[in-house]
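Walk me through this model, starting where two chains meet and ending inside one of them.

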Number of protein chains: 2
Amino acid sequence: MTSHERPRFSGFRPPAVPDVEMRGFWGNRIDAVADKTAMILYERCVSAGMFDQIDPTRPVPPVKMPWHTRADGTPDTVNVQMFWDSDVAKVIETAAYALYRKPNPDLEAKIDAIIVMFADLQQPDGYMNSWFVRMQPGQRWNNLRDCHELYCAGHLMEAAVAYFHATGKRKLLDVMCRYADHIDETFGPNPGQKPGYCGHEEIELALIRLGRTTGEQRYLDLARYFVEQRGQQPHYFDVEAAARGAAPSQWRHKTYLYNQSHIPVREQTKVVGHAVRAMYLYSGMADVATEFDDDSLTETLKGLWEDLTSKQMYVTGGIGPAASNEGFTDYYDLPNETAYAETCAAVALMMWASRMLGRGPDRHYADIMEQALYNGALSGLSIDGERFFYDNPLESRGDHHRWTWHRCPCCPPNIARTVAAIGSYMYGVAADGIAVHLYGSNTARLSAGATAVTLTQETDYPTNGRVGITISLEAPAGFALWLRVPGWCEVPALTLNGKPVGQSEMRDGYIHLKREWQNGDRLELELPMQVRALHAHPAVRADLGRVAIARGPLIYCAEEVDNDADLNALIVPEDLTPSTTVEMPELGGALAIDLPVRRELWPQRSGRLYDTHPPEFAETVARFVPYHLWDNRDPGQMLVWIRGRR
Amino acid sequence: MTSHERPRFSGFRPPAVPDVEMRGFWGNRIDAVADKTAMILYERCVSAGMFDQIDPTRPVPPVKMPWHTRADGTPDTVNVQMFWDSDVAKVIETAAYALYRKPNPDLEAKIDAIIVMFADLQQPDGYMNSWFVRMQPGQRWNNLRDCHELYCAGHLMEAAVAYFHATGKRKLLDVMCRYADHIDETFGPNPGQKPGYCGHEEIELALIRLGRTTGEQRYLDLARYFVEQRGQQPHYFDVEAAARGAAPSQWRHKTYLYNQSHIPVREQTKVVGHAVRAMYLYSGMADVATEFDDDSLTETLKGLWEDLTSKQMYVTGGIGPAASNEGFTDYYDLPNETAYAETCAAVALMMWASRMLGRGPDRHYADIMEQALYNGALSGLSIDGERFFYDNPLESRGDHHRWTWHRCPCCPPNIARTVAAIGSYMYGVAADGIAVHLYGSNTARLSAGATAVTLTQETDYPTNGRVGITISLEAPAGFALWLRVPGWCEVPALTLNGKPVGQSEMRDGYIHLKREWQNGDRLELELPMQVRALHAHPAVRADLGRVAIARGPLIYCAEEVDNDADLNALIVPEDLTPSTTVEMPELGGALAIDLPVRRELWPQRSGRLYDTHPPEFAETVARFVPYHLWDNRDPGQMLVWIRGRR
């Protein structure tokens, strides 16, 4: 944490990425990002032609990506190429975290070169967006609803902060502060300013991040303005459409629910629209609540959180079932095979969850953060760091496979930057304490107020739930340590220096240990991982009569490679205690679960469509593997929700 | 059968409607059509303004129905109003059958008045179509693909035949013969003729019907031409689009699979496209096969039949799962809640099945005819004859209800004419025998070759499977009687004059009794009706782990009015023998089935979306009623495929 980032009051903030050195499960994943993904992402930006657009020393390239079309077939005002700046920004951010992990002069030189392009692109007034400087000059800020300008700016602010922390180099940070100053002058309630905000939220959380790093209060204030202005009347997107001479009714998304601007944010009670946009908005709102100590915003967020997690979330932490709006539909509408559940949306849910912890440790949020992380988000990146999922269905007939790239390449760098930055999600740091939100082998150099504390976690988590935590201090110090007891764990056990910590105080699902800590104090936390069968709320029609197999934070699935095809022929018993775990070297040593099940005998069926002969069954053993690891081996069918015995 | 309709060789043809006097179950339904539906249909045509369009003595009205729009939002060349002639035609046909049943001078006068309108509408050259004479004059025959002209002509030919049989009045028949002559001159392979055919099949089967009634061979030949020309290259719809200056790629249905003209009919092996169109085509093909004694067409039809009934048909006999094309999608894609399964499509499947019996009795076809009749077709008409279903889902959350009318009013008169004409579906008459395809209380005046035979069925079918058949003859006569043994019946029993008929010859699922019959011979057929649990082919994802309850030809469903809501909480046992039947006076005396089941206790569930607590159950008794009777009482949820015990 730099000197500028000192909290002004007692919220919990994540540590900076370099403060947490990951080993074990996450160490391996971060190494794959550092060794492969970061450079792959860079190379694919090159192949896509992104730098031809960004670099002002090159000729202006032709438009390469098709324009979206409206429902009436006419070209819309937006295409994917318009937000390439944001994709490059996430690549820079990923590279920054990769450089924390491992020096890589070649990668660093490439990123420095990109930063020069952006610096050269910046206009005298501070404006900087490759599309509107080079591809459509003169049209800046005339369509905030669709054109992603502030969204691109936000991602570049995040990249600038990350790269500054990684390398100490200020060039991009300075560029983005000038751009932020320009944005601050352009937008706001005063005469001559535009009372607008971005159709795709992101700038709000990015301004908070930039403000925390630079200490610039104006950035925090502007973030709050964007949050509070959203959805106010007269509606900015109506006004700007009229100014462009466009009819709002021609908009292909039809309703401002799509971008959460249908009503002011404080009046919102239902999670709606484009899933990533919603999560980024709520993340920004949570940041504003933390920075402005504003529990009125927190109350709104609590309602939205309950709405999302009790009615609109897949068991993988995936969200946004529909491809049509990349987002939410009706309550309990969670189809498995057609689940959109974009990788970015699960990442964004983690981001929101992480920020909800800013008001204090609470298992409500950390449990879901972990659920999304280990399942619907991590599924987006192959073990080797080379391939990606964009959408993350919970059932596949065998035709859904990892991409090497995507026309809309938002997800690959989003999951890569998240994996590489995972250390910052593990802890929350406050003036008087440290919260351990996630478990994983690592060494974290933190501070509780003025006290420097090094925490060392030794664990095979998530393979098992035994976690040793050693506290290193220069001198004895009093502070609170919060240890999360995951909701999936029924009987946790804790020792301190070998002695059971009995009836320790539980607060919101965290063991709260406030004491005078000594250097070398050693905690042993045992979180037994039973194989569990999860049942969905019966209103989830798609999961009726089915169970999801889980162990610890991991949701499991059946794959054809282990079980032959026809995974819907498998029927799991009510009692899962006969299950055994098997180490899978080809899946990075992950544990598979073998379970005696029934298999409905489909080949025996007649060719008749309807038949009075009841199905026949055989006893067999099915193998389940962690969902996030699916499609890392031979391609085939996959199924999360397995038919249950009744 | 009129003198003109004598078969030319040994196919089986349906008797004319007035030759079969229905009583019992069908008698009640026909009375409802005669007493109510026929006049309701007429009145709704009046309300819709159809006669303002048809009657040339009135001012030309404005266009009242919206135009369809293409995918690109531009108006298409077709609207529903364009085929109002066909709707009126089916109303005339329904009225004709109603007049067979019961004289009704008021209704007859109204129909006579409509016939005068059509006669006045007819052009000097014989052309007659209200849309293209009055609404878009000068545009006739320039878009066979979309504009339904030959389809309208076909339905009016069917109406003309029916009205002629009912009343002996030739006026409409003469009009339609003149129109048929004009069509015969206009279409064909010769110079100056159009080598076209209709985008919506119907004219083929109608020309056969008109040819059978009038003895005019040209009509049969033209039907064959339309069948054989379909899908030939150069593709007629491409050619006519080019002549209109239209781009075929702009067509909203995109592919000629939609109207089964993608390849010549003899090459077709997969049932595709719009369901009603497909069934009407196959009906026409089957008629052509019968009239031209052409088993090469029959072989094609057998393949299509197998394709439809083994991979693409709901258990109700409903077909065409998708609203988007009102038709077929992928094999085994049979979603229940979103099932389109248009009433017209089930009726049209009956029509095809009935015509497949033209080559000889075969349970393959008659079983499906009965399945569609008693379930997916009859569901389209309320008990009182006043309300209609257009689409027939197999599951409803309580928001699907019968219409008093429909924007596209094809289904109400289609199910009404079918119910009123049901007698003609019950028998097949050949030169040397009579086939009993369906059972129901009736007296049928038939002829086996030159021998007049009166068959009297006495039965409560479908309430139970006891059928008494008395044969009345003027003199002893030798002919074959074919009695269908439904596929659902495992142990049929038959006596002749009180003595068991042992090991009688079975041919294609029919008991074949060829003997010298005496006046007064009495057959007693016993078709025991067990309550059955039907299992779907496991590739039908929507029905996996579920069963459909059936008894005799009836598919049953659960309704909220009998079982409270949450019908998906019901779980039926493997053994259905504890079931009992209950007479339901409010459902016309139909038998309900009461069955001990488990109910998953949903109110007890926590508000959590995912939970390790397994569901709890209570024992209860569920009531199931015939599917075709659903939504005749208090509105609510409905479910056909009930969760089964595993």
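The text below takes the interface, then a sheet and a helix.

This is a predicted model, in which local features need pLDDT of at least 70, side-chain atom pairs count only at pLDDT 80 or more, and totals for chains, interfaces and linings use all residues. Residues are numbered from 1 along each chain as its sequence is written, chains are lettered from A and ligands numbered from 1 in the order in which they are written, and side-chain values use heavy atoms, with hydrogens and water left out.

Begin with the interface. Contact means heavy atoms within 4.5 Å. By that rule, 47 residues from chain A meet 47 residues from chain B. The size of an interface is often given as the accessible area lost when the parts come together. Here chain A and chain B bury about 3,600 Å² (accessible area, 1.4 Å probe, lost on being put together and summed over both). Carbon and sulfur atoms carry 56% of it. On the side of chain A, A:L609, A:Y610 and A:R646 lose the most area to chain B, together 25% of what that side buries.

The interface holds 2 salt bridges (a side-chain nitrogen of Lys or Arg within 4 Å of a carboxyl oxygen of Asp or Glu). A salt bridge joins the side chains of A:R541 and B:E395, at 2.4 Å from N to O.

Which elements of chain A supply at least two residues each to the side that touches chain B? They are helix 12 (295-311), strand 16 (531-536), strand 21 (590-600), strand 22 (610-611) and strand 25 (641-644). Helices (H or I, at least four residues) and strands (E, at least two) are DSSP runs, numbered from the N terminus. Strand 16 of chain A gives the most, with 5 residues.

Turn to chain A itself. An open sheet of 5 strands has the order 5-6-10-14-13, with mixed pairing. Strand 5 (427-430) and strand 13 (506-507) of chain A each have a single partner strand, so one side of each is left without a neighbour in the sheet. Strand 6 (residues 433-436) and strand 10 (residues 477-484) of chain A run parallel, joined by 4 bridges. A:G433 has A:A480 as its bridge partner in strand 10 of chain A.

Methods: Buried area is the accessible area (1.4 Å probe) that two parts lose on being put together, summed over both. Two strands pair if DSSP finds at least two bridges between them.
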